[in-house]
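Biologist: I am new to this structure. Can you show me how to read it, one feature after another?
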Amino acid sequence: MVNLTAMSGFLLMGFSDERKLQILHALLFLVTYLLALTGNLLIITVITLDHRLHSPMYYFLKHLSLLDLCFISVTVPQSIANSLMGNGYISLVQCILQVFFFIALASSEVAILTVMSYDRYAAICQPLHYETTMDPSACRHAVIAVWIAGGLSGLMHAAISFSIPLCGKRVIHQFFCDVPQMLKLACSYESINEIALAAFTTSTAFICLISIVLSYIRIFSTVLRIPSAEGRTKVFSTCLPHLFVVTFFLSAAGFEFLRLPSDSSSTMDLVFSIFYTVIPPTLNPVIYSLRNDAMKAALRKMLSKEELPQRKMCLKAMFKL
């Protein structure tokens with residue numbers, strides 16, 4: 001057992017103290033992690049190699065997959081290692097880095113989803129100006145802004161979270177350094193730092209949510225005026241996967257991060273944390289590929305026997321460079 005009074009880090013309680021359940025948790029997380037890695041790497045590779053997918057929508061999708069790849073890598077490998085070793089201890093430096101990267105990547109994901117909703121709005125509601133609005137330079141600047149905004153958000157959350165005085169044992173009832181769970185260890189729930197953190201998180205999430213909602217209100221009003229049923233189906237096939245991902249991610253993350261710290265059930269916290277840390281990065285590649293005819297065609301082409309040798313040569317050339 002870890003000496004809770006002498007340690008400078010934290011003790012992550014995880015899902016269970018029973019050894020068999022810890023091994024089961026590690027195996028399930030390992031399978032999920034490998035699926036997420038495979039799916040997101042496949043999307044990044046397909047979009048990079050297939051020139052027909054070099055458009056703003058797939059450019060943003062590639063960066064979403066990259067974010068998902070990094071996002072799930074922040075928490076799941078550490079949790080697998082803790083379960084296999086039967087030790088949930090995490091050092092203070094590791095916890096600070098985990099909070100920074102977790103918040104930075106989560107904020108970047110919300111921002112890229114907001115940019116993707118605007119891209120769909122520009123493509124459907126303003127098709128004549130789409131090429132001018134979403135030119136390559138604008139797309140690059142948007143992605144750079146997404147990564148910078150995420151980094152600043154992560155830096156602010158890490159700085160504020162670890163400046164709050166903690167009381168009692170440093171035990172976190174979670175499988176990673178979760179900010180809401182860490183705030184439960186604070187000596188007071190009403191410090192200025194916590195209020196500033198909650199206000200910043202709420203305002204940024206609200207701005208992104210309002211932007212996404214307004215974009216889709218305009219999109220659906222435009223789509224419903226399309227006379228052709230085939231045209232409406234084609235538009236919905238590109239918009240509905242994105243809308244599902246946005247709704248799923250923001251609802252789960254919002255429930256966990258925007259509520260006040262309390263002594264609620266740790267089991268419920270664990271369940272909701274899986275909904276925004278593990279499931280979205282794993283399901284996003286499936287959602288975007290199954291509902292998108294262009295992605296399915298590109299996947300079939302890349303995996304076909306005729307194209308496979310050429311793709312291997314391209315990949316080798318890329319690695320040599």
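Biologist: Which residues line the second largest cavity?
Modeller: Start with the general idea. Rolling a probe the size of a water molecule over the atoms shows where empty space is left. Now the case here, in a predicted model. The lining of the second largest cavity is made by F244, V245, F248, I279, P280, L283, N284 and I287.

Biologist: Which elements give two or more residues to that lining?
Modeller: They are α8 (229-257) and α10 (279-290). The largest share comes from α10, with five residues.

Biologist: How many of the lining residues are nonpolar, polar or charged?
Modeller: Seven are nonpolar and one is polar. No charged residue takes part in the lining of this second largest cavity.

Biologist: What is the volume of the second largest cavity?
Modeller: About 50 Å³. Searching the whole structure turns up four cavities of 30 Å³ or more.

Biologist: Next, helix packing. At what angle do helix α3 and helix α5 pack?
Modeller: Read two values together, the angle and the distance between axes. For α3 (residues 92-125) and α5 (residues 136-161), the angle is about 145 degrees and the axes lie 7 Å apart. The crossing of α3 past α5 is right-handed.

Biologist: Which residues make the contact between α3 and α5?
Modeller: From α3, the list includes I96, F100, I103, S107 and V115. From α5, it includes V143, W147, G150, G154 and H157. By class, this contact counts 15 nonpolar and seven polar residues, with no charged ones.

Biologist: Last, the record. Which residues does the UniProt annotation "transmembrane region" cover?
Modeller: The unreviewed UniProt entry gives 26-47, 59-76, 96-118, 139-160, 195-217, 238-258 and 270-290. Then check such a span against the model.

Biologist: What does the model show for residues 96-118?
Modeller: That span is 100% helix and 0% strand. Its end C-alpha atoms are 33 Å apart.

Biologist: And how far apart are the end C-alpha atoms of residues 195-217?
Modeller: They are 32 Å apart. Residues 195-217 are 100% helix, with 0% strand.

Note on methods: Residues are numbered from 1 along each chain as its sequence is written. This is a predicted model: local features need pLDDT of at least 70, side-chain atom pairs count only at pLDDT 80 or more; totals for chains, interfaces and linings use all residues. Side-chain values use heavy atoms; hydrogens and water are left out. UniProt positions are given in the numbering used here, feature names are shortened, and annotations may be inferred rather than shown by experiment. Helices (H or I, at least four residues) and strands (E, at least two) are DSSP runs, numbered from the N terminus. Axes are lines fitted to C-alpha atoms, for helices over the stretch in contact, and angles run from 0 to 180 degrees between N-to-C directions. A crossing is left-handed if the near helix is turned anticlockwise from the far one by less than a right angle, and right-handed if clockwise. Contact means heavy atoms within 4.5 Å. Ala, Val, Leu, Ile, Met, Phe, Trp, Tyr, Cys and Pro count as nonpolar, Asp, Glu, Lys and Arg as charged, and the others, Gly among them, as polar. On a 1 Å grid over the protein atoms alone, a cavity is a set of points where a 1.4 Å probe fits but cannot get out, and a pocket is an open set with protein on both sides within 12 Å along at least five of seven lines; lining residues have an atom within 4 Å of a point. Grid points are joined across faces, edges and corners, and a volume is the space filled by probe spheres set on the points.
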